[in-house]
Structures are given as C-alpha cells and as structure tokens.
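This report describes selected features of the structure shown below.

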Amino acid sequence: MSWQRRRAAPWALAVGAAAAALMWWSPNHAAFTLGILVVLGLPLARAICRVLDAGSRRAIVPPLLAVLAAAVHGIRPQSAEVAIVALLVVGAAFPAHLWFESLRARVPTHEFLLLMLSQPGFALAVHILGPQTVTLTHGQRGLLAAWFAVSAVMQTGLGLVRHDPLRAVVAITLSQSTLMVAGAMADTAGFAAEYGMLAGTNLGATGLVLVLADLRRRYGVTRLLPDNGLADAEPVLSRHFLVLGWLFVGLPGGIVFFAEDLLFHALVQHSAWSAAAMIGASVLNAVAFHRVFLGVFSGQMRPGLHASGPVPKLLPDLLQVLTVVMLGLGFWPGLLLGDR
Amino acid sequence: VNLADLLAPLLGAVALGPAVLGLSLLVGFQGQSAWPRRMAIAHSLVVLLATLVVVQFWLGAGMVACERELPPLLELQGYRWVPILLVDGFSVVYLVLVALVYPVVVRFSLPSFVREPGAGRYWFLVALLGAALWLLSIAGSLDTLYVAWELVGVSSVMLIGFFRRQVRAAQNSLRALVYYRLGDFLVLLAVVLIHHGFHDHRFLGFAEQASSHAALPVALALLGGSLAKSAQLPMSPWLHRAMEGPASSSAIFYGALSVHLGPFLLLRTAPLWLPSTTACVVMAGIGLCTAAWATLVGRTRSDAKTALAYSTMAQIGLMYVELALGWHTLVAVHLFTHAGLRTWQFLRSSSLIQDFQDNPVFAAGMTMQRRYGFERLLPARLQRRVYLAALRLFWIDAVHWQLFVRPFLGLFRWLERVEERVLALRARVRRGR
C-alpha cells in the first residue's frame, strides 16, 4: 500500500486544524508564527518521520524559511523584502510551489488536504499585508500581484496537462489560491473579495479532493483515461463533483463568481495586465476542471474496473452540505464579501 | 401594475423550473419517472406565458424601453453588482424567439427522453438553458448578461457531452468548452474594463460612453467574445463537432438560440462600437470570411446536421456584415427568421434519412439532386483544389494546433517534465539512502 493510500492520523488532523485556527484567529504575532509553524511543520515532520528521505528533509527548507521570514517581519515590520520572499514561498508561487507538490506525494491525502485548506500563503498575506499593516509600496504590490497572477496561469496550465486527477485538481486549487493572494495585493477592495474566494476555494477543493481520493482508494483511478467511465457506477459522487467543480471555478450561482468579479475589478485598477492574466487563469481553470471530470466520469467503464468497497457513509452527506453551502453563499454574496 | 414591477417576479417564475429540477437531481429525488418531463413542459409554458405578459405590457406602454434595477447583490467601496433588466425592441425579438422555440424543442424531445438514461439530466439542462436565454434577452447590463451567457455556455457543453459513454462526445464537449472560454475571457475582460472605464454600466447608457478612451478596447473585446458563441472565424471549428448531442438540443443551441447570441450581444452594445470604423471593418471582414469559408466547407459535408451547422455559420457571418453596415433592424429580422428555419431543419434532420430509407410513400418521385453553385464558375483544376481544401476545413484545425494549442500545451508539458525530474531526483536520492 502506498503512503498516499494510508489513513491520516486523527491526532495529526486535530493538531493541524487547531494550528490552522490559531493561525487564522491569532491574537498576536507570536501566536500567528506558532500557528503557521505548526500548520507547515507538522505535515513536513510527518513526512520526514514516515518517509525518511533527503527529499522530505529538503522540502522543509522553504516553509521554514518562510516562517523565519514571518518571525523577522514581526520584529522588523518594515522589512518588505522579507515579506515578499515569505509570501512567494508560503503562497506556493511558481516555481516555489515545488515544496508543496513534494509534500503532496509524501503525506496522506487528508493531511495534505488540511494543509491546502489552511491556505497558509493567504493567511500570511492577510497577516502582514492587511489593510491595517501596509508595508509594501505600490510597485512592490504590483510586482507581487503580477507574479501571483502569472503563477495562477502556470498552475492552470499544469492542471491542463497532468494525468493524475488528484494532481490536476491540486494544480487548479493552487491556481485559485494564488489568484486569491494576487487579489490581496490590490489594497482594500481586493481584500474585500478574499473571504468569499477563500470560502469558495476551500469548499470546492474539499469536495473535489475527497471524491478523487475516495475513487483512488476504491477503484485505483490514478490517471485520466477515456474508459474510466465512473458516472454510472458512482452517480452521486459524479453529480456532486460536477456541481462543486463548476461553482469552484467561478460559474454563476456560487460565491466564487462574485469574489472573482470583485477581485478583477480591484486588480484592474492596479495593473490591467495582471487582471487579464487572472481572468485568463480563471477561465482556463474551468477547462482544466472539465477535463478532469471527463477523464474520471465519462466513457465506457473498462471491464477490469470495479469498486473494492462501498462509498464511505458520510461522504455523500458531506458533499451535499458543501454544495448547498456553496450555492447558498452564491445567492447571498454580501455575507462574506465585504470590508474586514 | 407596470412592466418594470413585473420583470423581477416573472424572472423568478422562469428561474424556478431549473432550480427545482437541479435541486431534485442533486439530492437524488426519486419521484415518478415522468416528473422531470412534466416539469420541463410546465417550465416551457411558464416561459411562454411570461413572454406574452412582457410583450403585452411593452406594447401597451407604447413600445418604449423599460428598465428595472433590482436591489444590488453586492455593494462595497464603489463596486456594485446590480442586476439590471431591460425590455426594448431587441429584447422582445429575442424573447419571442425563445418563447416560441423552447416549447417546440421540449415537445419534440418528449418521445426521445422518456426512459432514456439521464433523462432527468437532459430536462434540467434544457430548462436551465431556457431560463438563461430568457434572462439574457432582458439583461440590461453586461454584468447581468454575462451571468446568463455563462449558464448558456455550460449547459451547451454538458449537452454536447450528454451521451457520456461515447468518447467522442466527451472530446467534443471539451473542445467546445475551450472555444467558449476563450470567448468568455474576452467578454469578462469587457465587463472589467466597463467597470473600470465607464461611469454608466447600463446598456442604455452606452451611447454616452462611446467617446470614452475605453470604448474601443471594450468594443473589440465584445466582438472577439461574440465570435466563439456564434462560431465565427477563427473560432469556428467547434460547431460541427457539437452535433454529438441530442438532435433536439442541437436545434435549440446551434440552429436557433445559442448560436445567435453573438449578433444579439453586438446589437445590444451597438452604440459602443458603431462609431468606431476599426471595429466595423473588422466585424464585416470576419463576417464575410466566415460566410465564404462556411459555405465552401458546408458543401463538402455529407451528413445533414453538419451541413446545416455550416449553413448556420454562413448566415450568421452575413449578419455580422449587416451589423457592421448599421442595418440593425434587418439583423433582427434576419436573426428571427433564420432561427425559425434552422430549428425546423435541425429537428427534421434526424428523421429525414429514416423517411427516405424506410418510407416508400415519402420518397416516391423524389430524387436527391446535387445543386451546383458559384463554384462551377471556377476552372476545373481550381475547383478540385478548393474542394480538397474545403474538405480539410482550409486547414483551420492544423493552424490552431500549430500556432496556439501545441506551443501552449507544449510549454506546460515541458514544465511538467521539469517538475517530475526535480521530484524524481528527490526520489532517487531517497532510494540511494
């Protein structure tokens, strides 16, 4: 059994979730630094302990650097260069996303999902670049926005060519996350869009990753193929995957649609090219998602493919809740999109 | 009661059908097998009734434009997302078209989607399309129009891939989505530029914005965005592949309603691009080229639906020329009559061949005769060359592949290989230890 298919440790999930909560709702800088250290460090430590290799040891360098940068930023708030480096690395901007990708291959899916949903890059952006603690110049913000916008396009492109469905969805999620960090560079209007984008990205990514992880576990689907054809065998998962995916990439009806619209509106005032790149990434994410959907669910199911067990009891209900929340937020966008 | 007050409740009634069908699909509601069908019939009647109400009130009010601004869905820091509805001559033309074609397509689909696997999905997608087209017809701003535009695109893509066991259906739905999203990119860019550069976002306010510095980029973005939906050059090659879907959905999408959205969008935003000679020349050029290209290619197709698809493209190309010349009333008439004719032809296409083969009475005294056209005027050698070129779509697929798709995907495949190599390097180190 591969490492990815092993079960996540409940204690690791609990500690990771607590650390994420501390990171997001930290009362002070020290608590934030502790939170982000655990969020990033725990999966790394787990990877190092379980798969003792040079790769996982090397993968610790970027996030550790970022945490150190965040700590330095707490001591010297005007150190813009440190903030930029930290944001690029923790936000998994291209090509610093490799540590993230390396980790994905080494930790159980649920633990990786928790790390992805914690959005440490965006948390760092909110913490050090929030409207109250602006330390970057207009030019530096523009540069970062452009870098993240280009990263979003790159991740989308990778999502378009990857053959492993889970890796393709991770690329789409990273693309959406980097869009989020790019939007955070667009001053207060950009920040106003962020929480809607964060909610939409996390809800969508949770649903998509859980479905793909389940199909990987039960059917061994690790490649996008024209004869996977799981739509008839798994109609419930197929339906939810489709709806969540479309809402996740910004179809009208979901919160991401409004959040992206606001984000583009905010960013175009800073840089028309960055806004165009972001729009490009956003529209191509839909193509990347549809490719994944077709590669997993469409076609005539090949004879050797069969489920090794039933769908986990809670999964359909969880997907239903995620979809309803996503749709609900889409009909009431003002709930999350607003001044913070 | 005036029309402005009625628009929101009518829109709510029209949106209710797909909402109920969609939610029931999502929660896996297992009612009577006929209920999605009945729901779709009821929805088509609601659409028809709502349109009759709108038209009657509009005529009663002296055919003046009626605008309704709904409460903003989002409002912060100078940014407002306000749904705006507008009823004027153009919206009434399209609205009537939707109200006439949609129930016909629903009626035509009834025998085909009784026990067909995925019938519920079909009815939901068709109802979603009907509602989206209704909203699109009465959209009063590009923001509102874009919502419906996207919903039309997604339902179209899902219907192309409706027969999901067929690999070709999946491939063609993905291809259609690529072209749609390229168009969406440009329309969304226009939306963002309008927010950034215009004081007034309403269609009715566009005339005053024509002198704005953003007017030309917006106009060109809208023109580019409209090309994909209407399958105009260079975004044409998806249309004949979209015929993988059910015949009735092809009729509604590629014969009648969806494919005419390009001219409709340009009619709506005419005050913006009409003063620009550049935009008009580009539009007319694209229209003419598409008309000539689609006519030639269409004559080499051997199946009815594909030949009809190319005829549709050619006619829409002519509409682009009419638009550029400023003959907008003619465009509205052309659009309406053409959509009606194509609906009938597409709906008839699937049974026509069967009639010829199986029904001796039908085919009695009829001969399939090849029609000769202007290509006969060409020298014989050139005729052959043009025929071969048309058979290969004038190499448009190869041009797209070589110039755009291959370099784009090639770059990312190369990046993926580099990424794999870096990650594999780590794995090798691990094995070494």
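Arg167(A) is placed in helix H10 of chain A, which spans residues 165-184. The model is a predicted one. Arg167(A) has a relative accessibility of 9% and therefore counts as buried, the cut-off for that class being under 20%. Leaving aside residues up to four places away in sequence, Arg167(A) touches Glu101(A), Arg104(A) and Arg162(A) in chain A, together with Glu419(B), Glu420(B) and Leu423(B) in chain B.

## Chain A as a whole

Chain A contains 15 helices and 0 strands. Of its 340 residues, 65% are buried. When contacts in chain A between residues at least 6 apart in sequence are considered, 80% of them join residues at least 24 apart.

## Cavities

The structure contains 7 cavities of 30 Å³ or more. The largest cavity holds about 110 Å³ of space. It is lined by 13 residues, and those closest to its centre are Val90(A), Gln119(A), Pro120(A), Leu174(A) and Ser177(A). Two or more lining residues come from each of helix H7 (109-118), helix H8 (120-129) and H10 of chain A. By class, the lining of the largest cavity comprises 9 nonpolar and 4 polar residues, with no charged residue.

## Packing of H1(A) on H7(A)

Helix H1 of chain A, residues 10-24, packs with H7(A) at an angle of about 5°, and their axes are 10 Å apart. Because angles under 35 degrees count as roughly parallel, H1(A) is roughly parallel to H7(A). On the side of H1(A), the contact is made by Ala12(A), Leu13(A), Gly16(A), Ala17(A), Ala20(A), Met23(A) and Trp24(A). On the side of H7(A), it is made by His110(A), Glu111(A), Leu114(A) and Ser118(A). The residues of this contact divide into 7 nonpolar, 3 polar and 1 charged.

## Backbone geometry

Pro95(A) lies in the loop between helix H5 (80-90) and helix H6 (98-104) of chain A. Pro234(B) is located in the loop between helix H8 (215-229) and helix H9 (247-256) of chain B.

Positive phi values occur at Leu393(B) and at Trp395(B), neither of which is a glycine. The table sets out their values.

| Residue | Phi | Relative accessibility |
|---|---|---|
| Leu393(B) | about 55° | 5% |
| Trp395(B) | about 60° | 45% |

Leu393(B) is placed in the loop between helix H16 (380-391) and helix H17 (396-432) of chain B, and Trp395(B) also lies in the loop between H16 and H17. What is the exposure class of Leu393(B), buried or exposed? At 5% relative accessibility, Leu393(B) counts as buried. Trp395(B), with a relative accessible area of 45%, is partly exposed.

Note on methods:
Residues are numbered from 1 along each chain as its sequence is written. Chains are lettered from A and ligands numbered from 1 in the order in which they are written. This is a predicted model: local features need pLDDT of at least 70, side-chain atom pairs count only at pLDDT 80 or more; totals for chains, interfaces and linings use all residues. Side-chain values use heavy atoms; hydrogens and water are left out. Helices (H or I, at least four residues) and strands (E, at least two) are DSSP runs, numbered from the N terminus. Buried means under 20% relative accessible area, exposed over 50%, partly exposed in between (1.4 Å probe, protein chains only). Contact means heavy atoms within 4.5 Å. On a 1 Å grid over the protein atoms alone, a cavity is a set of points where a 1.4 Å probe fits but cannot get out, and a pocket is an open set with protein on both sides within 12 Å along at least five of seven lines; lining residues have an atom within 4 Å of a point. Grid points are joined across faces, edges and corners, and a volume is the space filled by probe spheres set on the points. Ala, Val, Leu, Ile, Met, Phe, Trp, Tyr, Cys and Pro count as nonpolar, Asp, Glu, Lys and Arg as charged, and the others, Gly among them, as polar. Axes are lines fitted to C-alpha atoms, for helices over the stretch in contact, and angles run from 0 to 180 degrees between N-to-C directions. Angles under 35 degrees count as roughly parallel, over 145 as roughly antiparallel, 65 to 115 as roughly perpendicular and the rest as oblique.
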